[in-house]
Amino acid sequence: MITTSIAAADSDLAALLTAQRAAFLRDGPPSLPDRRTDLARLSGAIVARREQFIQAISDDFGHRSRHETTLLDLGSTLEGIRYLRHHLARWMRPARRRVAIQFQPGSNRVCYQPLGVIGVISPWNYPAALALMPLATALAAGNRVMLKPSEITSRTSELLREMLAELFGPEQVAVVIGDSGVGAAFANLPFDHLLFTGSTPVGRAVLRAASDNLVPVTLELGGKSPAIVEAGSSIEVAARRIAFGKLANGGQTCVAPDYVLVADGGIDSFVVEYARQVGLLYPDIRTNPDYSSIVNQRHFD
C-alpha cells in the first residue's frame, strides 16, 4: 500500500499518481456535502494543531513571531477555507448561456467539473498557508491532491504530512517529502494541473518539466512589486502601510514592495516618515521576541 509520505523513487510517485487518478475515475466528482465536510475537517485540524504549527514554523525559521504565524499563515488559511465553504454551492451550480436563434428552443449551460489530480509545490516563506490554501481550493473543486512542501521548512512539512494523513486517505491527499531532487521528479509527473509557488528560476524549471506532458501550470512567483504614493495622499498612512507590507515575516514575502514611486516633491518627506514608521513597528530590535528570523544563512546572504 502506498503511504502518504513517499520516498524519492520516481516509480513511487508515478504509482501514487496512478492510484489517485484511478480513484478519481472510479468515484467521480464528490458531492457538495462531501466537499464541505472535507473543508470543515481540514479547518478543524488546523485549529487543533495551532500551537504545533506555531512551534514548528518557529523552529524551522530559527525564530518566528507567533503573532505573524497566527495572522499570516493560520488566520489567512482559516478565513480562506471559510470563504470556500460559503461560496461553494454557487460555484458548483451550472451556469446558463445564451442560445443563438438558429438553435432555439435548445438550451446551453456550463457544468463545472473537477480536473482530476492536482500537483501542488509549496514554498518555505509561508509554509502552512501556501501549502494548505492550494490544497483546500483543489479539494473544494472536487480534485485529488499530491502536495510537495518545501524541504527548507522540514518540521512544518512533516507536521503537514502527519495532519493530512490523519484526515485523508492517500488516494485523496498525499504529501511527498523530499529534497530538490524529489521536487524535480514531482514536477515531471503528468498531473491534470500543477501549481507552483516560489522563485522565478525554479518556476522556469517547473514550467519546462510540465511542458513535456502538456500539463497546465499555475505559477505564483516573486517579482517586482511597486507601491505608488499619489499626490495628495497621506504620507504617514502610506509609509505605515508600506513598512508593514515590506517588513512582515522578516521581509520574506514574495509580493512585498520592492520600491516606492512617490509624486513629485514628496520623496524626502516619505523617506523621513518611512524611517519613523519602521522605528515604531520595530522597537528594541536586539531584545524584542516578536521579530522573525531569516529562514537560513543562504537566504540571509
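Me: Why does Trp91 count as partly exposed?

Reply: Buried means under 20% relative accessible area, exposed means over 50%, and partly exposed lies in between (1.4 Å probe, protein chains only). Trp91 has 33% relative accessibility, so Trp91 counts as partly exposed. This is a predicted model, in which local features need pLDDT of at least 70 and side-chain atom pairs count only at pLDDT 80 or more, while totals for chains, interfaces and linings use all residues. Residues are numbered from 1 along each chain as its sequence is written, and side-chain values use heavy atoms, with hydrogens and water left out.

Me: What makes the pair of Tyr83 and Trp91 tilted?

Reply: Rings of Phe, Tyr and Trp (its six-membered ring) pair if their centres lie within 6.5 Å; planes under 30 degrees apart count as stacked, over 60 as edge-to-face and the rest as tilted. The ring centres of Tyr83 and Trp91 are 5.8 Å apart and the planes stand at 55°, so this pair is tilted. Tyr83 is partly exposed, at a relative accessible area of 39%. The structure holds five aromatic pairs.

Me: What makes Phe270 and Tyr274 a stacked pair?

Reply: Their centres are 5.9 Å apart, with 25° between the planes, and planes under 30 degrees apart count as stacked. Both residues lie in helix α10 (residues 267-281), four residues apart, about one turn of the helix. Helices (H or I, at least four residues) and strands (E, at least two) are DSSP runs, numbered from the N terminus.

Me: Why does Phe270 count as buried?

Reply: Phe270 has 7% relative accessibility, so Phe270 counts as buried.

Me: What makes a set of residues a nonpolar core?

Reply: The members are buried Ala, Val, Leu, Ile, Met, Phe, Trp, Tyr and Cys residues joined through side-chain atoms within 4.5 Å. In the largest core, of 36 residues, those that touch the most other members are Leu42, Phe53, Leu132, Leu135, Met163 and Leu164. Helix α5 gives the largest share, eight residues.

Me: Which residues does Phe53 touch?

Reply: Contact means heavy atoms within 4.5 Å. Leaving out residues up to four places away in sequence, Phe53 touches several residues, among them Ile46, Leu74, Leu132 and Met163.
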